[in-house]
Amino acid sequence: MTLRSWRKVGTPMNTSPKLRPGLWDALVVLVVAALAVSCGWTVWDGQDRGTELTAVVSVDGAETERLPLKEAAGTERTIHAGGYTLRLRLTETEIWVESADCPTQDCVHTGHISRGGQSIVCLPARVIIQLEGGERVDTGVDAVIG
Amino acid sequence: MKLTTKQLTLCGILTTLALALSVAENQIPLSLAIPIPGIKLGLANIVTVFALYVLGPAQAVLILLARCLLGAVFAGNMNALLFSLMGGFAAMGVMILLSRLRGLSVYGVSIGGAAAHNCGQIAAAVLSLGNTAPLYYLPILLGVSLLTGALTGLMAACLFRALAHTDLMKG
Ligand SMILES: [Zn+2]
């Protein structure tokens, strides 16, 4: 099939698309950027500050366990959910999934999380481990952008 | 909608291309920045942009549906289906609207689509997990969509420019 014959294929276009970015495109960029910043303010500023870093474990959307890292440091936890088993390890500043028998292993590959708001997700087991509290989260933004 | 053999062939080719792009972007370690399984960059949106302008919304939707379903079958992962459907159709809806605005180029349309794609994916994550934790990564993903949108816009612009000489674009 030659390219020439394509024009008969589709609905003919009324106008050819504009191929050079213009002022209106800059407006779209501005709107998306503004959305990102305002989302950042709401989501990241909403985190509790100055409280103890706590790992909140949810299974199937329901909270099952709260682990203040200071108290639980050095321990190991096992979560049974959705027919899978996740082994958690904790230190005073970090939490991570040491091993899991889920098929995707995303939760293990996420590695260590250490800031309020961050989470580890295991879709097959439907488990979320989210950190709450801790210091200002702004550093998290720098780490991602930088 | 009745499709001719040629239309069907073109839809098939574009679906294959979209699938290939979906597989290719799995190699990008996005999970390092955004540890939510199922979230993708959305490079396959380039096919949606192209199909939307050349074939029109109806066939673009067909291609998108086929890509999402086949992608889930190949990955053997039904979790991924909700993510690609919600991301893909959010992008489709926004791009159909934006492409009607005369002032916007393919760049603006692609960036708007990429932002909608990522909002759709986060919504899918929140829905499938029953937890708002994924919202934490929405600002990052919106920032990322500026880059992926500009990239798909650039690819679309190059494609359209190359095809202009074939008088495909003169409708
Ligand atoms: Zn897992």
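Helix 2 and helix 6 of chain B pack at an angle of about 40 degrees, with their axes 9 Å apart. Axes are lines fitted to C-alpha atoms, for helices over the stretch in contact, and angles run from 0 to 180 degrees between N-to-C directions. The two helices are therefore oblique to each other (under 35 degrees is roughly parallel, over 145 roughly antiparallel, 65 to 115 roughly perpendicular, the rest oblique). This is a predicted model: local features need pLDDT of at least 70, side-chain atom pairs count only at pLDDT 80 or more, and totals for chains, interfaces and linings use all residues. Residues are numbered from 1 along each chain as its sequence is written, chains are lettered from A and ligands numbered from 1 in the order written, and side-chain values use heavy atoms, without hydrogens and water.

**Helix 2 against helix 6, chain B**

- Helix 2 of chain B passes helix 6 of chain B in a right-handed crossing (the near helix is turned clockwise from the far one by less than a right angle).
- Helix 2 of chain B contributes Ile46(B), Val49(B), Phe50(B), Tyr53(B) and Val54(B) to the contact (heavy atoms within 4.5 Å).
- From helix 6 of chain B come Thr152(B), Met155(B), Ala156(B), Leu159(B), Phe160(B) and Leu163(B).
- The residues of this contact divide into 10 nonpolar, one polar and no charged.

- Helices (H or I, at least four residues) and strands (E, at least two) are DSSP runs, numbered from the N terminus.
- The buried residues pack against helix 1 (5–25), helix 3 (57–75), helix 4 (79–99), helix 5 (106–129) and helix 6 (138–164) of chain B.
- Just after helix 2 of chain B, Gly56(B) takes a positive phi of about 95 degrees.

- Leu30(B) sits in the loop between helix 1 and helix 2 of chain B.
- Leu30(B) is buried, at a relative accessible area of 14%.
- Beyond its neighbours within four places in sequence, Leu30(B) is in contact with Ile39(B), Lys40(B) and Leu41(B).
- Leu30(B) and Lys40(B) are 10 residues apart in sequence and 7.4 Å apart in space, C-alpha to C-alpha.

**Zinc site, chain A**

- Cys102(A), Cys107(A) and Cys122(A) coordinate the zinc ion through SG, at 2.2 Å.
- The donors (N, O and S atoms within 2.8 Å of the metal, 3.2 Å for Na, K and Ca) follow the spacing C-x4-C-x14-C along the chain.
- Cys107(A) lies in helix 3 (residues 106–110) of chain A and Cys122(A) in strand 6 (residues 119–122) of chain A, 15 residues apart.
- Cys107(A) is buried, with a relative accessible area of 1%.
- Cys122(A) is buried, with a relative accessible area of 2%.

Conventions: Nonpolar A, V, L, I, M, F, W, Y, C, P; charged D, E, K, R; others polar. Buried < 20%, exposed > 50% of the residue type's maximum accessible area, 1.4 Å probe, protein only.
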